[in-house]
Amino acid sequence: MTDGISSVLKEDRKFHPSKAFTDHARLSSRMAYDSLYRKSIEEPEEFWRDETRDLHFREPFKTFSEWNLPKAKFFEGAKLNVSESCLDRHLTTSARTRAAIIWEGEPGEVRTLTYFELHREVVRLAAAMADLGIKPGDRVAIYLGMVPEAAIAMLACARLGATHSVVFGGFSSEALRDRINDCGAKLLLTQDGAWRRGSVIPLKKMADVALEKTPSIENVIVLTRIGAQKAPLEMKAGRDHHWHEIIRKDHSEDAKKRSQHPDAFDAEHPLFILYTSGSTGKPKGLLHTSAGYLAGVHVTSKYIFDLKEGDLYWCTADVGWVTGHSYIVYGPLSCGASCFMYEGAPNFPNPSRMWRLIEKHGVTIFYTAPTAIRAFMRWGDEHVQKHDLSSLRLMGSVGEPINPEAWVWYHKTIGGDRCPIVDTWWQTETGSIMLSTLPGACYSKPGSTGLPLFGVDIDVVDDRGAPAKAGEGGKLVIKKPWPSMARTIYGDEQRFFDTYWKPLENMYFTGDGARRDEDGYFWVVGRIDDVLNVAGHRIGTAEIESALVSHPSVAEAAAVGRPDDLKGQALVVFVTLKDSHKADETLKKQIAEHIDREIGKFARPDEIRFANALPKTRSGKIMRRLLKEIAAGAVELKGDTSTLEDFNAVAALRSDEE
Ligand code: PRX
């Protein structure tokens with residue numbers, strides 16, 4: 001069904017949380033989980049009223065939910081400003097002087113922002129943005145690295161009711177430009193450069209290229225992270241503003257009022273747009289709204305990460321992906337957690353960096369991705385053993401299926417056989433975690449994403465939508481809307497319906513294949529649509545193909561995944577060339593660089609293969625299944641190939657392997 005990781009170890013043990021963990025856990029028995037889950041399904045209104053009590057709603061909700069698919073509304077009647085739940089509500093408690101963010105830069109400097117300081121910085125930036133004319137509903141693009149200002153920027157947007165769209169710093173100028181133009185952002189926040197493995201990624205320079213063709217952008221706020229010597233800035237008069245100067249200006253009375261005493265918005269007021277890959281060449285801008293999203297990330301952060309005073313929680317994702325939005329910023333901050341944030345590469349200046357950071361700062365909860373775990377394994381235990389990781393008490397995994405071998409290594413070598421592991425399944429579209437084990441309440445099975453979260457009616461069904469039997473594979477679906485789900489694809493309601501709600505009537509189709517075992521535990525196998533998961537990054541094959549064919553030498557292209565022990569899936573592309581071009585190594589390099597420019601280095605193919613023609617069915621569809629098998633090195637082509645129009649194409653590709 002999918003290109004998964006080969007797992008050497010067949011692991012079917014159950015790992016129970018230790019008594020030491022359970023004794024202090026927020027939910028400490030399966031019975032407690034079952035009864036809370038039942039309540040969330042049978043009495044959702046009461047469940048959500050209780051569980052959102054800590055959040056700051058200026059007006060409580062009147063109706064829990066209302067839907068007419070694909071449209072759904074939650075918490076109607078509620079009025080809130082999302083930033084108040086993450087900031088202001090902590091100013092009157094002991095959290096005021098607690099670290100909200102402890103950040104370490106790649107070169108090693110450390111910055112701590114208490115909740116008081118984070119609030120102050122958000123208010124200052126919001127005032128500056130208000131004076132630049134940012135109003136509720138305006139779109140603001142954010143192209144920053146892993147610096148506290150990324151969280152500050154997101155929260156400042158939320159404070160003004162503006163919709164942020166964060167673009168991962170690894171995306172190219174072209175990708176940034178397309179996203180800005182798709183959402184019509186008025187303002188861009190960026191920085192001079194970001195450290196990565198000792199070099200500087202010149203974000204502002206890259207943004208300048210994008211800004212040549214982004215007519216909607218009126219202003220740019222530029223953070224100085226690196227300094228003029230290593231990252232010289234060209235500031236365009238009237239458009240570009242230095243972050244540190246603009247926040248200190250004498251702001252207008254209106255801007256002061258809107259930043260210090262922010263407006264409250266409706267529950268369904270847009271909060272952010274986040275682009276992700278789908279099965280066409282055009283990325284989808286998923287739109288998330290306020291109350292439902294906040295409620296979802298708050299409740300899941302609280303229970304899954306078992307957050308408590310005294311914890312230092314580290315989610316290693318980048319803020320540019322949904323994991324960064326939900327579990328670096330909105331979820332943990334709405335819980336008043338102390339979050340650790342690291343700027344740079346995990347193996348800089350050496351492969352011990354992560355473990356050194358855990359020891360130095362006393363991280364207690366560590367949430368990372370299987371690709372990273374497999375890289376840590378490969379780098380060797382000696383880097384881990386040099387460090388005292390006894391502060392850790394809970395660990396998590398997200399983004400792709402984790403092979404049991406990596407799970408067991410993580411549990412033993414990083415977690416000292418002491419820390420429960422939560423394997424969390426969710427998506428950009430779902431906003432918050434949908435499947436996981438609750439760490440003190442349920443045992444884990446390596447490779448399984450566990451049980452449904454509160455309010456999530458999730459199932460595995462066959463092609464007609466009928467429930468699959470226990471142990472049988474099928475499609476993973478969510479049977480009714482949930483509060484944190486994306487409400488639409490920005491500007492394309494029809495695509496939202498066609499992609500998610502049409503394939504299986506009245507159910508949300510995740511695009512993933514899965515099975516549920518006899519114990520009710522879910523096992524997600526991976527994508528069954530034309531989306532790849534390469535090193536935890538979601539990449540649409542059509543997106544890669546459309547970037548490839550925009551290269552002057554390329555006539556046709558097909559992108560497929562190949563199982564990879566480190567990345568989960570590796571990206572292999574098959575390319576046919578226009579007549580005048582010669583297939584050689586120089587051209588391969590040029591094509592790879594073209595992908596860097598069109599999308600970003602993270603989407604660079606692992607292998608580029610030239611072909612005389614691509615194998616196609618009689619109706620002209622590229623036979624991906626066949627290409628996948630060829631990419632995976634299958635000696636004999638499996639399955640029915642009788643519909644192939646060009647057998648020579650297959651023969652040529654196969655001889656290419658020999
Ligand atoms: O295929 C699933 C995989 O990642 C996809 C969602 O990607 P994205 O929207 O980029 O969000 C990633 C972070 C939430 C899913 O459709 N996926 C995510 N978590 C897991 C997973 N696959 C297996 N196990 C997981 N824990």
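**Group meeting: a walk through the predicted model**

At 5% relative accessibility, E343 counts as buried, where buried means under 20% relative accessible area, exposed means over 50%, and partly exposed is in between, with a 1.4 Å probe and protein chains only. I start with that residue and work outwards.

First, the ground rules. This is a predicted model, in which local features need pLDDT of at least 70 and side-chain atom pairs count only at pLDDT 80 or more, while totals for chains, interfaces and linings use all residues. Residues are numbered from 1 along each chain as its sequence is written, and side-chain values use heavy atoms, with hydrogens and water left out.

Confidence next. pLDDT is the predictor's confidence in each residue, from 0 to 100. The chain has a mean pLDDT of 94, and 95% of its residues reach 70 or more. Helices here are DSSP runs of H or I with at least four residues, strands are DSSP runs of E with at least two, and both are numbered from the N terminus. Over residues 1-9 pLDDT stays under 50, and the model has 30 contacts beyond four places in sequence for that stretch. Contact means heavy atoms within 4.5 Å.

Back to E343. E343 sits in the loop between β18 (338-342) and α13 (353-361). Leaving out residues up to four places away in sequence, E343 touches W103, E104, G105, E106, P107, M146, V147, W195 and R225. Two of the polar pairs can be named. The side chains of E343 and R225 are joined by a polar contact of 2.7 Å, and a polar atom of the E343 side chain lies 2.8 Å from the backbone nitrogen of E106. A polar contact is a pair of N or O atoms within 3.5 Å; within protein, one must be able to donate a hydrogen and the other to accept it, and residues adjacent in sequence count only if both atoms are side-chain atoms.

Why is β18 described as largely enclosed by the rest of the structure? Because 5 of the 5 residues of β18 are buried. S338, F340 and Y342 point one way from the strand, C339 and M341 point the other way, and all are buried.

As background, strands of a sheet pair through backbone hydrogen bonds, either parallel or antiparallel. Two strands count as paired if DSSP finds at least two bridges between them. β18 pairs in the parallel sense with strand β5, residues 99-104, over 4 bridges, and I102 has F340 as its bridge partner in β18. Strand β17, residues 312-315, also runs parallel to β18, joined by 3 bridges, with Y313 opposite C339.

Next, a glycine in another loop. G145 lies between β7 (139-143) and α6 (148-160), and G145 is buried at a relative accessible area of 9%. Beyond its neighbours within four places in sequence, G145 is in contact with A150, Q191, A194, L203 and V319.

Then S553, in the loop between α18 (541-549) and β31 (554-564). Buried or exposed, S553? S553 counts as buried, at 0% relative accessibility. Its side chain makes a polar contact of 2.9 Å with that of H551. Not counting residues up to four places away in sequence, S553 touches T576, L577, K578, H581, L587 and I591.

β24 pairs with β25, residues 474-478, over 4 bridges in the antiparallel sense, and V460 stands opposite L476 in β25.

Last, the ligand. Polar side-chain atoms of T428 and Q427 each lie by a ligand oxygen atom, at 2.6 Å for T428 and 2.9 Å for Q427.
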